[in-house]
Amino acid sequence: MSDKEKWISDECREGADLIWKQCDTSKYADGIARLDAAAREGDRESWYFLGRCFSLGYGNVSVSREKAYDCYLRAARGGSSMAVLGALQMGQWDSFLQKAAVRTVAEAWKRVRELAIAGDPYASFQAAQLIENGALLRVLREQESGKYPAAAGEEQPAAEEEKPAAGEEQPVAEEEKPAAGEVPPADSAEKDAGEAPEAGKTAESENDTEPEKAPEPEESAASGTAAARAEARKQQAMLLSEADVPPVEMCIAYYQAAAAGGIASAIEKLGRCYQEGQYIPADEEQYLACAAECAKLGNAWGLCELGQRCEAEGNGDFAFQYFRAADIQGDKRAALPLGRYYLAGKVTRRDVKAAEDCFEKAAESGDPGSFLELGNLFYRDELVERDDEKAFYWYSLAYSKGYREAALPLAKLYLRDAETRSVPKAVNLLQEAAKSGQQETVREASLALGNIYRDGITGTAEPMEAVRWYENGAKAGSAECAELLGLFYYQGEDGVPADDEKAFTWLNRCYEKGTLQAVSKLATLYLEGRGCDADEKKAFALFEEASGKEYDGYAFYMLGGLYEKRGGSDNLEKAVDCYQQASSMGYEGAAAKLGHFKKNLFGRWKVTG
């Protein structure tokens with residue numbers, strides 16, 4: 001851009017570059033200081049950039065509409081076209097600012113469009129946001145309704161003494177003028193309003209040209225004098241026309257020009273558009289290129305996007321680094337995955353406190369995934385001390401936000417003896433979990449429901465309901481449900497008749513998988529041929545196995561009977577030993593069996609009756 005086309009001072013541009021063209025927060029203060037220094041020297045565009053900072057929090061300054069308005073006012077009084085459009089975009093283009101500004105919206109738009117076409121990234125970025133915002137269209141509609149602008153010749157209030165923005169110590173200028181060396185902005189453009197800028201393209205335009213004159217209106221009784229006609233022409237030239245308002249999709253071309261000029265926020269916006277297919281066809285390659293460019297600049301969005309991509313590809317090391325950088329830059333999306341990495345301790349050392357802090361940060365931003373993580377953290381009693389109250393709070397929030405994974409633990413918390421105890425709510429949540437399709441959840445929820453109905457926790461025992469849920473869990477692979485179902489059919493319950501075939505099917509299935517605890521029940525089925533072919537040898541082996549891990553005496557008693565049946569002194573010795581074991585465990589009938597045994601002359605056991 002030539003010196004004649006230069007519209008902001010070097011100091012102002014250097015300050016703006018430190019805020020808009022890189023994302024190292026440690027450099028923002030220097031950028032703000034440079035803009036402030038230039039503004040104190042009367043640089044109108046520095047006032048504009050400061051206004052943008054106060055409007056949107058750029059440069060890590062606190063958002064303040066009051067300070068933003070003051071900055072826009074100072075810049076607009078000095079002739080800044082960017083300030084006019086900036087105030088318009090932020091909804092601060094009120095009647096006082098309109099009267100105080102040197103330029104109208106139409107004049108400002110023509111000037112900024114010229115700068116954008118000439119390749120200035122800041123003008124392109126302002127133009128893009130203004131088009132997307134729809135502010136120009138609103139002004140056009142207000143013109144058509146007669147609300148804008150003020151009637152020609154209307155007296156404007158005298159400008160009050162300018163005061164610094166709230167909290168700022170700034171000198172009061174007697175009269176604001178364009179910064180030294182600046183040329184008053186041009187009021188005409190060589191291109192049509194809808195023509196998009198091309199990145200890097202320059203335009204030869206005279207900054208001192210007069211606004212293009214509108215066709216002379218026809219004379220009427222109200223405008224018969226030359227002065228009236230001149231005033232009408234002047235007013236017409238100050239208004240927007242339909243041709244001045246580009247369609248909203250035209251914003252993408254201006255974003256592209258701003259991105260090509262290095263504006264980090266424009267690169268991010270362009271990346272989002274490519275990702276979502278907004279204003280332009282979706283293009284993953286272009287989206288990733290924008291994300292990578294943003295990441296190089298330290299932009300939080302780009303860092304987080306690359307983190308998510310690396311995580312999806314299974315590259316946890318890089319994902320962790322990207323998320324950590326994005327978290328430092330303030331992307332709230334990074335906190336949750338970062339916390340999970342700290343908790344897992346795979347790509348970095350496990351740090352439960354750091355994980356908890358990340359989850360809480362994510363929760364403060366409203367990320368519902370963090371609610372579930374915090375609930376798990378306080379409920380499982382694995383890494384932090386269990387806290388059911390905190391777990392209940394976070395699980396409730398997670399469930400309310402649609403995380404149905406919270407249904408199962410939340411149901412269990414509803415069953416504890418506490419003020420929040422509610423069996424009906426627990427049952428509803430368990431039923432939802434049991435139908436979730438997540439096999440592990442289905443198994444656990446079905447088991448809990450079966451136990452509730454079996455034990456009558458709802459108020460009345462309902463064996464058939466218990467069987468229904470045990471069967472649901474067994475089909476999902478729950479070994480406990482399968483065994484309990486087998487026992488129900490083995491012994492029968494009120495409303496659930498005994499069924500040897502079903503009992504054998506379920507108990508034998510558990511045995512084959514190595515999960516059966518009630519081995520003696522399966523042994524009995526084999527011994528008596530219930531639901532299967534009788535097999536005394538198989539029964540003997542199962543009773544022998546059961547005697548080693550079941551401690552109710554039944555297996556020993558039955559094994560003693562089999563030894564006794566076999567006869568012979570050695571078998572009788574073993575039978576007596578088994579009966580003694582069963583008797584010591586309190587099994588009824590074992591003592592009576594022992595009463596039939598006594599020793600012969602050689603000290604060996606024999607049966608007397």
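Contact, throughout this tour, means heavy atoms within 4.5 Å. The model is predicted: local features need pLDDT of at least 70, side-chain atom pairs count only at pLDDT 80 or more, and totals for chains, interfaces and linings use all residues. Residues are numbered from 1 along each chain as its sequence is written, and side-chain values use heavy atoms, with hydrogens and water left out.

**The whole chain**

Of the 609 residues, 48% count as buried. Buried means under 20% relative accessible area, exposed over 50%, and partly exposed in between, with a 1.4 Å probe and protein chains only. Among contacts with a separation of 6 or more, 55% join residues 24 or more positions apart.

**Stop 1: Ile-32**

Select Ile-32, which lies in helix H2 (residues 28-40). This residue is buried, at a relative accessible area of 18%. Beyond residues up to four places away in sequence, Ile-32 touches Ile-19, Leu-50, Cys-53, Gly-59 and Val-61. A C-alpha to C-alpha distance drawn from Ile-32 to Tyr-58 reads 9.5 Å, for a sequence separation of 26 residues.

**Stop 2: Asn-60**

Next, select Asn-60, in the loop between H3 and helix H4 (65-77). Asn-60 is not a glycine, yet its phi is positive, at about 65°. Its relative accessible area of 56% makes Asn-60 exposed.

**Stop 3: the largest cavity**

A search of the whole structure finds four cavities of 30 Å³ or more. On a 1 Å grid over the protein atoms alone, a cavity is a set of points where a 1.4 Å probe fits but cannot get out, and lining residues have an atom within 4 Å of a point. Grid points are joined across faces, edges and corners, and a volume is the space filled by probe spheres set on the points. The largest cavity holds about 60 Å³ of space.

Which residues line the largest cavity? Select Trp-20, Tyr-48, Phe-49, Arg-52, Met-82, Tyr-122, Phe-125 and Gln-126 to display the lining. Helix H3 (44-56) and helix H8 (121-133) are the elements that give two or more residues to this lining. By class, the lining has six nonpolar residues, one polar and one charged. In this division Ala, Val, Leu, Ile, Met, Phe, Trp, Tyr, Cys and Pro count as nonpolar, Asp, Glu, Lys and Arg as charged, and the others, Gly among them, as polar.

**Stop 4: Gln-129**

Stay on helix H8 and select Gln-129. Is Gln-129 buried or exposed? It is buried, with a relative accessible area of 13%. Apart from neighbours within four places in sequence, Gln-129 is in contact with Arg-52, Tyr-58, Gln-89 and Tyr-255. Of these partners, Arg-52 also belongs to the cavity lining.

**Stop 5**

Move to helix H7 (residues 105-117) and select Ala-108. Ala-108 is buried, with a relative accessible area of 0%. Its contacts, not counting residues up to four places away in sequence, are Ser-81, Val-84, Leu-85 and Arg-103. The C-alpha atoms of Ala-108 and Val-84 are 6.5 Å apart, although 24 residues separate the two in sequence.

Now display the largest nonpolar core, which has 173 residues. Such a core is a set of buried Ala, Val, Leu, Ile, Met, Phe, Trp, Tyr and Cys residues joined through side-chain atoms within 4.5 Å. Trp-20, Phe-49, Val-105 and Trp-109 have the most contacts inside the core. Helix H24 (residues 479-491) gives the most to this core, with eight residues.

**Stop 6: cysteines**

Select the cysteines: the structure holds zero disulfides, a disulfide being a pair of cysteine sulfur atoms within 2.5 Å. For Cys-23, the nearest cysteine sulfur is that of Cys-294, 7.2 Å away. Cys-23 is buried, with a relative accessible area of 9%, and Cys-358 is buried at 7%.

**Stop 7**

Tyr-279 lies in the loop between helix H12 (264-276) and helix H13 (284-296). Tyr-279 has a positive phi of about 70° although it is not a glycine, and is partly exposed, with a relative accessible area of 26%.

Finish at Glu-471 in helix H23 (residues 463-475). Glu-471 is partly exposed, at 28% relative accessible area. From its C-alpha atom to that of Gly-486, 15 residues apart along the chain, the distance is 9.6 Å.

Technical notes. On a 1 Å grid over the protein atoms alone, a cavity is a set of points where a 1.4 Å probe fits but cannot get out, and a pocket is an open set with protein on both sides within 12 Å along at least five of seven lines; lining residues have an atom within 4 Å of a point. Helices (H or I, at least four residues) and strands (E, at least two) are DSSP runs, numbered from the N terminus.
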